[in-house]
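Student: Hi! Could we go through this model together, a few spots at a time?
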Amino acid sequence: MSSDGTDVRVDYSRVFTQAIDRLHSEGRYRVFIDILRNKGAFPNARCFAGHNGPKPITVWCSNDYLAMGQHPEVIAAMEEALHDVGAGSGGTRNIGGNTHYHVDLEHELADLHGKQGALLFTSGYVSNEATLSTLAKILPGCIIFSDELNHASMIAGIRNAGCEKRIFRHNDLAHLEELLAAEDPAVPKLIAFESVYSMEADIAPVAAICDLADKYNALTYLDEVHAVGMYGARGGGISEAEGVADRLTIIEGTLGKAFGVMGGYIAADQTIIDVIRSYAPGFIFTTSLSPVLVAGVLASVRHLKASSVEREGQQASATLLKTMLSEAGLPVMLGSTHIVPILVGDPVKAKRISDILLAEYGVYVQPINYPTVPRGTERLRFTPGPSHTPEMMRELTDALVEIWSRLELRKAA
């Protein structure tokens with residue numbers, strides 16, 4: 001009731017409906033495919049698009065980059081753990097304790113990055129948000145220097161830290177140094193950045209950023225989620241491949257991409273690990289990963305430490321697909337990583353291309369729109385893996401060429 005006696009009520013349904021309508025009008029409304037992967041036959045899968053039963057499709061956008069989620073050793077380890085200890089962890093580690101699988105995996109991850117310790121989280125998002133927000137609160141007056149293209153989870157962690165932040169232009173060392181030099185030398189500083197930027201398909205100058213951190217007495221926080229398992233002799237990421245892992249304060253990674261299962265982690269010296277374990281709400285109050293999942297990751301990490309076959313096969317596939325798409329005149333965003341984006345530049349067109357690929361060609365790739373990427377840079381993001389054959393790539397290229405012609409889209413300059 002308002003002050004003049006009028007019955008005023010909030011129309012909640014209208015507010016929510018308008019929020020969804022805005023997404024539709026901007027071409028950004030997301031539709032999730034109803035899909036099942038075929039065990040042991042990735043990238044083959046089946047989707048349920050109507051009432052006629054499952055339709056066979058080829059998956060081109062999975063972050064299970066090396067198909068380790070289908071690997072016999074991973075599946076066998078998960079089955080063994082399920083029959084040994086059951087399904088769940090029993091709660092947070094503060095209550096349920098450390099399932100021994102967690103202890104073993106943390107030792108393996110610390111070893112992978114040459115660090116004293118590691119700490120598991122339920123996802124890469126949680127590990128970023130929990131660690132960054134906690135670090136800045138522990139360091140009074142801390143300023144975080146963040147690459148402008150950092151992942152949403154890093155941005156959330158920095159925001160929740162409530163500290164001062166400085167945003168530097170993507171991979172711009174001169175701008176980063178300008179910002180660092182402008183601050184009081186006595187103030188704690190943390191540089192947060194990624195190694196592989198999955199939407200741009202480029203790589204950060206890790207060693208050079210470490211040089212600036214040394215010069216200005218800053219800590220470093222490197223997100224390696226799109227690089228762990230993928231680069232380095234043992235899959236330690238870009239920091240291992242470039243021989244600079246020892247120079248980084250904290251390395252963060254995921255267990256749900258190249259390692260093929262689920263979860264996130266950080267690796268650092270034991271004191272920092274203990275601080276995050278003891279102070280981060282995102283760790284303390286969250287049920288720990290199921291030992292079944294941890295057992296699968298443990299098998300995956302151990303396998304990829306010893307085997308480079310999957311990494312080599314994936315890099316070969318990415319190189320071949322980039323060549324095919326470029327030679328066909330398609331607007332490939334060329335980079336030195338395993339990710340192959342094609343620039344569309346319009347959310348409605350990106351969705352239309354994705355829909356045609358699925359409906360007419362049995363090809364599954366999701367459009368990438370704002371806020372994942374800036375407006376006007378909408379794209380299709382392909383992640384060819386070791387199991388994508390040259391024949392699959394040729395069929396994909398031919399399909400894209402036909403659709404580009406049909407929709408009269410701009411080709412590469």
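Student: Let's start with Thr 383: which residues is it in contact with?
Tutor: Leaving aside neighbours within four places in sequence, Thr 383 is in contact with Trp 60, Cys 61, Ser 62, Asn 63, Tyr 65 and His 388. Contact here means heavy atoms within 4.5 Å.

Student: Before we go on, what should I know about the model?
Tutor: It is a predicted model, where local features need pLDDT of at least 70 and side-chain atom pairs count only at pLDDT 80 or more, while totals for chains, interfaces and linings use all residues. Residues are numbered from 1 along each chain as its sequence is written, and side-chain values use heavy atoms, with hydrogens and water left out.

Student: Good. What does the side chain of Thr 383 reach at 2.7 Å?
Tutor: The backbone oxygen of Ser 62.

Student: And where is Thr 383 placed, and is it buried or exposed?
Tutor: Thr 383 is in the loop between β16 (379-382) and α15 (390-406). Helices (H or I, at least four residues) and strands (E, at least two) are DSSP runs, numbered from the N terminus. Thr 383 counts as buried because its relative accessibility is 3%; buried means under 20% relative accessible area, exposed over 50%, and partly exposed in between, with a 1.4 Å probe and protein chains only.

Student: You mentioned α15. How does helix α14 pack with α15?
Tutor: Helix α14 (residues 347-361) and α15 pack at an angle of about 125°, with their axes 11 Å apart. That angle makes α14 oblique to α15. Axes are lines fitted to C-alpha atoms, for helices over the stretch in contact, and angles run from 0 to 180 degrees between N-to-C directions. Under 35 degrees counts as roughly parallel, over 145 as roughly antiparallel, 65 to 115 as roughly perpendicular, and the rest as oblique.

Student: Which residues make that contact?
Tutor: From α14 they are Ile 353, Ile 356, Leu 357, Glu 360 and Tyr 361, and from α15 they are Ala 399, Leu 400, Glu 402, Ile 403, Trp 404 and Arg 406.

Student: What about α7 and α8: at what angle do they pack?
Tutor: About 15°, with axes 11 Å apart, for helix α7 (residues 173-181) and helix α8 (residues 206-215). α7 and α8 are therefore roughly parallel to each other. The contact is made by Leu 173, Leu 176, Glu 177 and Leu 180 of α7, with Ala 208, Ile 209, Leu 212 and Lys 215 of α8.

Student: New topic: which peptide bond to Pro 43 is cis?
Tutor: The one from Phe 42, with omega near 15°. Pro 43 is in the loop between β1 (35-37) and β2 (44-47). A cis peptide bond also joins Tyr 370 and Pro 371, where omega is about 10°. Pro 371 is in the loop between β15 (367-368) and β16.

Student: What about phi at Ala 67?
Tutor: Ala 67 has a positive phi of about 60° although it is not a glycine. Ala 67 is in the loop between β3 (55-59) and α2 (72-85), and it counts as buried at 12% relative accessibility.

Student: And Glu 408: buried or exposed?
Tutor: Glu 408 is exposed, with a relative accessible area of 71%. Glu 408 is in the segment after α15 and has a positive phi of about 55° although it is not a glycine.

Student: Last one: where does Val 340 lie?
Tutor: In strand β13 (residues 340-343). Val 340 is buried, with a relative accessible area of 1%. Its C-alpha atom is separated by 7.0 Å from that of Ala 318, 22 residues apart along the chain.

How values were computed: A polar contact is a pair of N or O atoms within 3.5 Å; within protein, one must be able to donate a hydrogen and the other to accept it, and residues adjacent in sequence count only if both atoms are side-chain atoms.
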